[in-house]
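Good morning, colleagues. Please turn to the structure on the screen, and I shall take you through its charged contacts and one surface patch.

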Amino acid sequence: MQTRLKELRARDGLNQTELAKLAKVSRQTISLIEREEFVPSLLIAKRIAHIFDETIESIFIFDEEEL
């Protein structure tokens, strides 16, 4: 899975701690997602998509082999 999380944080001027607070997760969770070491739950992905006013699919990009 690839993610645009870091790009979107920069666009909206959020640091990892601020995004974590808005998404109700830890800063470490945001860091793991950005490093593509953790796949977020559907609930977390939905919260993050809502924060950035984007679709889940536009933020979290899966290869065909992963599906």
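Glu37 and Arg35 form a salt bridge, with their closest N and O atoms 3.1 Å apart; the term requires a side-chain nitrogen of Lys or Arg within 4 Å of a carboxyl oxygen of Asp or Glu. Glu37 is exposed at 52% relative accessibility, whereas Arg35 is partly exposed at 47%. Here buried means under 20% relative accessible area, exposed over 50%, and partly exposed in between, with a 1.4 Å probe and protein chains only.

This is a predicted model: local features need pLDDT of at least 70, side-chain atom pairs count only at pLDDT 80 or more, and totals for chains, interfaces and linings use all residues. Residues are numbered from 1 along each chain as its sequence is written, and side-chain values use heavy atoms, leaving out hydrogens and water.

The whole structure contains six salt bridges. One of them joins the side chains of Arg9 and Glu34, at 2.4 Å from N to O. Arg9 lies in helix H1 and Glu34 in helix H3 (residues 27-34), so this pair ties together parts 25 residues apart in sequence. Helices are DSSP runs (H or I) of at least four residues, numbered from the N terminus. Are these two residues buried or exposed? Both Arg9 and Glu34 are buried.

Another salt bridge brings together Arg4 and Glu54, at 3.8 Å from N to O. Arg4 is partly exposed at 22% relative accessibility, as is Glu54 at 24%. Arg4 and Glu54 also belong to a network of salt bridges that includes Glu7, Arg11 and Asp12.

Note on methods:
Helix = DSSP H or I, 4+ residues; strand = E, 2+ residues; numbered from the N terminus.
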